[in-house]
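This report concerns selected residues, salt bridges and a pocket of the structure shown below.

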Amino acid sequence: MAFSSSLWSSLFIPNPNRNNRFSTFSPATPKLSTTTFAIPPLSTATAADVTGAIDGTTIAVVSGGFVAGLTALLSLTDPERRRREQAEEVGGDDKEVVKEYFNNNGFQRWKKIYGDTDDVNRVQRDIRLGHSKTVENALQMLKEEGSLEGVSICDAGCGTGSLSIPLAKEGAVVCASDISAAMVAEAEKQAKEQLASSVMPKFVVSDLESLDGLYDTVVCLDVMIHYPQSKADGMIAHLASLAEKRLVLSFAPKTFYYDALKRVGELFPGPSKATRAYLHSEADVERALRKVGWTIKKRGLIATQFYFAKLIEAVPM
């Protein structure tokens with residue numbers, strides 16, 4: 001499923017004190033090291049930069065005091081009603097909203113963010129950077145165990161192929177799926193342009209629940225944002241059932257601070273229709289994995305000004 005695991009919101013407020021950082025990945029330990037990158041602070045971003053990127057799949061970064069003040073206003077709004085109306089418009093539930101979004105307006109927006117066009121503002125460029133680091137670190141995780149030549153990998157929620165294509169270049173046998181037919185068509189188009197001498201991935205239009213088969217590794221990046229925890233447990237169990245050796249997941253982390261940012265963002269839904277955004281605590285994800293006999297081997301955090309994602313690698317216990 002196409003996705004930027006950025007924490008979604010429609011409000012962007014600069015925090016000039018926050019640095020972009022990408023964690024190094026290590027065995028499962030509670031502490032992560034980080035590296036600071038010289039990226040211009042958000043205090044230099046203009047209003048046009050911010051509003052041009054607004055939709056329901058990008059997160060706000062707000063100073064702590066501002067979060068505290070605006071969170072109190074949430075009782076005056078009803079974001080859940082807006083979400084129900086979205087689902088009613090497409091005649092379905094969250095899944096139908098996601099499919100509709102990423103086959104239409106969402107596809108055009110995220111195709112630009114995932115691509116290399118210069119027609120993006122600073123916020124979109126920052127999200128592009130965060131997503132690309134998630135892909136880069138996931139690929140690094142997979143290659144640390146040895147060559148990917150001949151390794152079967154399911155890229156569940158492949159988007160425009162940002163991971164599927166590099167995996168194919170490494171010699172992996174890739175099955176790539178997405179709920180959006182538009183995303184799959186774009187991924188296949190890009191693969192044909194870039195993989196002249198490599199084995200083409202098999203591209204399939206499918207939601208996660210309908211995936212089947214057995215693979216050495218299953219990867220699912222920036223998709224769990226569309227699943228409430230009650231459904232995420234089942235989705236994690238299903239993905240684990242498809243993997244023999246490794247399961248790599250990224251998700252928007254749920255902490256008090258990030259959850260407050262998301263709630264504040266719901267006060268400002270923006271002009272474009274957007275999907276629901278669900279954050280997940282690492283403890284809940286780990287619990288869901290352990291329930292089906294898997295444990296986290298490696299974990300890390302990717303964070304830029306407007307993008308946050310936890311990345312984990314799980315293996316059978």
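Val 120 lies in the loop that runs between H5 and H6, where helices (H or I, at least four residues) and strands (E, at least two) are DSSP runs numbered from the N terminus. The model is a predicted one, in which local features need pLDDT of at least 70 and side-chain atom pairs count only at pLDDT 80 or more, while totals for chains, interfaces and linings use all residues. Residues are numbered from 1 along each chain as its sequence is written, and side-chain values use heavy atoms, with hydrogens and water left out.

Val 120 has a relative accessible area of 11% and is therefore buried; buried means under 20% relative accessible area, exposed over 50%, and partly exposed in between (1.4 Å probe, protein chains only). From C-alpha to C-alpha, Val 120 is 9.5 Å from Arg 109, and the two are eleven residues apart in sequence. Arg 109 belongs to helix H5 and is likewise buried, with a relative accessible area of 18%. The C-alpha atom of Arg 109 is also separated by 9.3 Å from that of Gln 124, 15 residues away along the chain.

**Salt bridges**

A salt bridge is defined as a side-chain nitrogen of Lys or Arg within 4 Å of a carboxyl oxygen of Asp or Glu. By this rule the count is 18 salt bridges.

| Pair | N to O distance |
|---|---|
| Asp 207 and Lys 95 | 3.2 Å |
| Lys 99 and Glu 96 | 3.9 Å |
| Arg 287 and Asp 284 | 3.8 Å |

Asp 207 is buried, at a relative accessible area of 14%, whereas Lys 95 is partly exposed at 28% relative accessibility.

Helix H4 also holds Lys 99 and Glu 96, which are three residues apart and therefore separated by about one helical turn. Lys 99 is partly exposed, with a relative accessible area of 31%, and Glu 96 is partly exposed, with a relative accessible area of 28%. Arg 287 and Asp 284 are three residues apart in helix H11 (residues 282-291), so about one helical turn separates them. Of this pair, Arg 287 is partly exposed at 39% relative accessibility, and Asp 284 is partly exposed at 27%. Elsewhere, salt bridges with shared partners join Glu 144, Glu 145, Arg 246, Lys 297, Lys 298 and Glu 313 into one network.

**Buried polar and charged positions**

Asp 178, in strand S5 (residues 173-178), is buried yet has no salt bridge. The nearest side chain of opposite charge to Asp 178 is that of Lys 99, 10 Å away; in this assignment Lys and Arg count as positive and Asp and Glu as negative, while His and the chain ends are not counted. A polar atom of the Asp 178 side chain lies 2.9 Å from the backbone nitrogen of Ser 180.

Thr 295 is found in strand S9 (residues 294-303) and is buried, with a relative accessible area of 19%. The side chains of Thr 295 and Arg 290 make a polar contact at 3.5 Å. A polar contact is a pair of N or O atoms within 3.5 Å; within protein, one must be able to donate a hydrogen and the other to accept it, and residues adjacent in sequence count only if both atoms are side-chain atoms.

Asp 222 occupies the loop between S7 and helix H9 (229-242). Its phi is near 55°, a positive value in a residue other than glycine. Asp 222 counts as buried at 1% relative accessibility.

**The largest pocket**

The largest pocket contains about 380 Å³ of space. Its lining comprises 21 residues, of which Tyr 114, Gly 115, Thr 160, Ser 162 and Gln 190 are the closest to its centre. A pocket is an open set of points on a 1 Å grid over the protein atoms alone, where a 1.4 Å probe fits, with protein on both sides within 12 Å along at least five of seven lines; lining residues have an atom within 4 Å of a point. Grid points are joined across faces, edges and corners, and the volume is the space filled by probe spheres set on the points.

Helices H5 (105-114), H6 (122-143), H7 (164-169) and H8 (181-194) each supply at least two residues of this lining. The largest share, six residues, comes from H6. By class, the lining has six nonpolar, nine polar and six charged residues. Here Ala, Val, Leu, Ile, Met, Phe, Trp, Tyr, Cys and Pro count as nonpolar, Asp, Glu, Lys and Arg as charged, and the others, Gly among them, as polar.
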